Amino acid sequence: TVDEKLQKTLETRLGQSFQLVQDQLEKVYKGLGEMQTLAIGVGDLKKVLSNVKTRGTLGETRLGMILEQILAPEQYTKDVSTRKGSRETVEFAVKIPSKTGDDEFLFLPIDSKFPQDRYQAVLDAYEKADPDLVESALKELEKAIKTQAKDIRDKYINPPATTDFAIMFLPFEGLFAEVVRRPGLFETLQKEYRISIVGPANCAAFLHSLQMGFRTLA
């Protein structure tokens with residue numbers, strides 16, 4: 001009787017152990033499947049971001065969502081030409097009330113930029129842990145940001161129809177952080193190109209401050 005009970009107990013415990021191992025293996029297989037799916041998704045995302053037009057749409061969409069959440073529809077406009085006779089249109093422009101107190105306003109141009117190739121090169125250089133490669137990639141990113149800042153200045157800044165500065169929106173916090181960390185770049189963009197850089201988080205803070213100004217003026 002004792003032998004039978006021991007045998008039964010042993011078989012039960014072994015069965016439970018094997019079932020536990022099987023359950024864990026199933027979870028591992030499931031996890032591997034999810035990782036493969038995620039890898040495929042990341043590959044698809046890279047393909048999407050390799051398209052310049054799609055990257056532009058991504059930045060514009062993120063910027064539009066932030067504006068929509070903070071400002072009233074009548075406080076900003078989309079795809080507006082800030083130069084008379086020009087076909088160039090800025091993605092968004094906030095309507096800044098005129099000092100005269102009437103219904104007139106001037107535009108504050110806000111344009112999104114995403115130099116994805118240059119930013120990806122920076123990330124790849126960090127991954128390889130090569131200081132020289134990192135510095136080289138950061139210099140190329142800086143050059144791209146300056147080029148885009150000049151593009152915004154030349155196309156959209158047009159006082160007195162606009163403010164004497166414009167905003168460049170970078171759609172990812174990591175990209176924004178790299179630009180801000182670059183010695184002297186933030187100041188150069190403001191002084192030479194009259195461009196202020198914002199990322200998703202401080203863009204929201206900037207718009208909130210504008211909203212407070214609108215309310216104070218009202």
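This is a predicted model: local features need pLDDT of at least 70, side-chain atom pairs count only at pLDDT 80 or more; totals for chains, interfaces and linings use all residues.
Leu-217 belongs to helix α7, which spans residues 200-217. The C-alpha atom of Leu-217 is separated by 8.4 Å from that of Pro-97, although the two residues are 120 apart along the chain.

## Overall architecture

The protein chain contains seven helices and five strands. Read from the N terminus, these elements follow the order α-α-β-β-β-α-α-β-α-α-β-α.

Of the 218 residues in the protein chain, 34% are buried. The chain exposes about 14,000 Å², and carbon and sulfur atoms supply 56% of that area. Contacts between residues at least 6 apart in sequence include a share of 65% that join residues at least 24 apart.

## Helix α4 against α3

Helix α3 comprises residues 116-128, and its axis comes within 8 Å of the axis of α4, with a crossing angle of roughly 165 degrees. Because this angle is over 145 degrees, α3 is roughly antiparallel to α4. The crossing of these two helices is left-handed.

On the α3 side, the contact is made by Arg-118, Tyr-119, Ala-121, Val-122, Ala-125, Tyr-126 and Lys-128. The α4 side contributes Leu-133, Val-134, Ala-137, Leu-138, Glu-140, Leu-141 and Ala-144.

## Helix α4 against α6

The axes of α4 and α6 come within 10 Å and cross at roughly 20 degrees. An angle under 35 degrees counts as roughly parallel, so α4 is roughly parallel to α6. Here the crossing is right-handed.

Glu-142, Ile-145, Lys-146, Ala-149 and Arg-153 form the α4 side of this contact, and Leu-185, Thr-188, Leu-189 and Glu-192 form the α6 side.

## Helix α3 against α5

The axes of α3 and α5 come within 11 Å and cross at roughly 80 degrees. Since this value falls between 65 and 115 degrees, α3 is roughly perpendicular to α5. Tyr-119, Val-122 and Tyr-126 of α3 meet Gly-174, Leu-175 and Glu-178 of α5.

## Salt bridges around Glu-142

The model has a count of 13 salt bridges. One of them joins the side chains of Glu-142 and Lys-146, with an N to O distance of 3.2 Å. Glu-142 and Lys-146 are four residues apart in helix α4 (residues 131-156) and are therefore separated by about one helical turn. With 16% relative accessibility, Glu-142 falls under the 20% limit and so counts as buried. Lys-146, at 24%, lies above that limit and therefore counts as partly exposed. Glu-142 and Lys-146 are also among the α4 residues that contact α6.

Glu-142 has a further salt-bridge partner in Arg-182, with 2.7 Å from N to O. This pair links distant parts of the chain, as Arg-182 sits in the loop between α5 (173-181) and α6 (185-192), 40 residues from Glu-142 in helix α4. Arg-182 and Glu-142 are both buried.

## Salt bridges around Asp-151

Salt bridges with shared partners connect Asp-151 and Lys-155 to Glu-88, Asp-111 and Lys-113 in one network.

Note on methods: Residues are numbered from 1 along each chain as its sequence is written. Side-chain values use heavy atoms; hydrogens and water are left out. A salt bridge is a side-chain nitrogen of Lys or Arg within 4 Å of a carboxyl oxygen of Asp or Glu. Buried means under 20% relative accessible area, exposed over 50%, partly exposed in between (1.4 Å probe, protein chains only). Contact means heavy atoms within 4.5 Å. Accessible areas come from the Shrake-Rupley method with a 1.4 Å probe; for residues, only the protein chains shown count as cover. Axes are lines fitted to C-alpha atoms, for helices over the stretch in contact, and angles run from 0 to 180 degrees between N-to-C directions. A crossing is left-handed if the near helix is turned anticlockwise from the far one by less than a right angle, and right-handed if clockwise.
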